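Student: I have a structure to go through with you. Can we take it piece by piece?

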Amino acid sequence: MLNCKTITKLLSVAQDRKLNLAEKIRLKLHTTMCSACRAFDKQLQELQGFSNNFINEKHTPKD
Amino acid sequence: MPLHPTITESIQHPDWTQDQVFTNELRQQMIKFATLQLSDQHLAEDAVQDALVGALKNQQTFTRQAALKTWVFAILKHKIVDLLRSRSRLVSSSSLQINDDEDHLIEVWDQPFNSRGHWHLSEQPTPWQQPADSLAMDQFWLTFETCLNALPAQYSKAYMMREFVGLTTQEICLQTNTSENRLNVLLYRARMKLRNCLQENWFDKGA
């Protein structure tokens, strides 16, 4: 089974392209058992969300 | 007494071009953003000028500065994407190269893991709790910006091309003459650094 460090790299790649079936299976096998990597995955998605909202949100004056 | 029509008008549709502080700040943010993406100050200033002229022509439709700002940045992003896609001149191929010495350093992306590649107990990620009120969110965006500015230039450039301008990894590789593996490394490191910075400066503080 892949270790956490390798999984975090794979999770980063998953933000940029669709993973192939083998990658998905390896990811799933790991994250099912590893709550830290599950939390990391969620954080990467949140990070992407922050980045998408950043330009619209930063320093915007209040109504 | 009813307000004079032009006064009512100016309250409903204030002229943001008269707000020097706002327009100057907006312009500076746009130039900073565009320069980072285009690696060319003059090209960046031209793109910002075009975007601003186009947006300010329609500025009366915007009753809030925030809406105007969203709009001009959307125009600017389109201009940047067009420029990046169309220009024949490639960004200097060295612009996304990593200094090889850096690869040997134990850095943020290695620290959380032990020698077998598993999370150190104290470094294991736990879910982030985000505050709901907007004042705290303003502070959050400032922290986010600080973390973004703290990234090494080539990480920041790769990350912004991907997440802010919205180019695909293939497009970035082509534009910057970078291999996909290299780009994956850059994006991974940018994300690890950003994540770590937010963890330490925001989420750990329970703000």
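Student: How many residues does helix H2 of chain B have, and what span does it reach?

Tutor: This is a predicted model, where local features need pLDDT of at least 70, side-chain atom pairs count only at pLDDT 80 or more, and totals for chains, interfaces and linings use all residues. Residues are numbered from 1 along each chain as its sequence is written, while chains are lettered from A and ligands numbered from 1 in the order in which they are written. Helices (H or I, at least four residues) and strands (E, at least two) are DSSP runs numbered from the N terminus, and the expected span of a helix is 1.5 Å times one less than its number of residues. Helix H2 of chain B covers residues 20-38, and against an expected 27 Å its 19 residues reach 26 Å from first C-alpha to last.

Student: Which residues of H2(B) are buried, and why do they share a side?

Tutor: A residue is buried if 20 or more other C-beta atoms lie within 10 Å of its own, exposed if 12 or fewer, and partly exposed in between, with C-beta atoms placed from the backbone. The buried residues of H2(B) are B:Leu26, B:Met30, B:Phe33, B:Ala34, B:Gln37 and B:Leu38. They lie on the same side of H2(B) because they cover an arc of only 115° around the axis, taken from the directions from the helix axis to the C-beta atoms.

Student: Which residues are exposed on the other side of H2(B), and which residue follows the helix?

Tutor: The other side of H2(B) has B:Gln20, B:Val21, B:Asn24 and B:Gln28 exposed. After H2(B) comes a residue with positive phi, near 55°: B:Ser39.

Student: What does B:Leu187 contact, leaving aside neighbours within four places in sequence?

Tutor: Two residues are in contact if their C-beta atoms, placed from the backbone, lie within 7 Å. On that basis B:Leu187 touches residues of both chains: A:Ser12, A:Asp16, B:Ala158, B:Tyr159 and B:Arg162.

Student: Which element gives the most to the side of chain A that touches chain B?

Tutor: The contact takes 28 residues from chain A and 29 residues from chain B. On chain A, helix H1 (4-14) and helix H3 (35-57) each give two or more. The most, 15 residues, come from H3(A).

Student: Where is confidence lowest and highest among the elements of chain A, and what ipTM does the complex get?

Tutor: pLDDT is the predictor's confidence in each residue, from 0 to 100. For the complex the predictor gives a pTM of 0.69 and an ipTM of 0.89.

Student: Which helix of chain B has the lowest confidence?

Tutor: Chain B has a mean pLDDT of 77. Where pLDDT is low, the predicted coordinates should not be read in detail. Helix H9 (residues 180-203) of chain B is highest at 93, and the lowest, at a mean of 44, is helix H1 (residues 5-12) of chain B.
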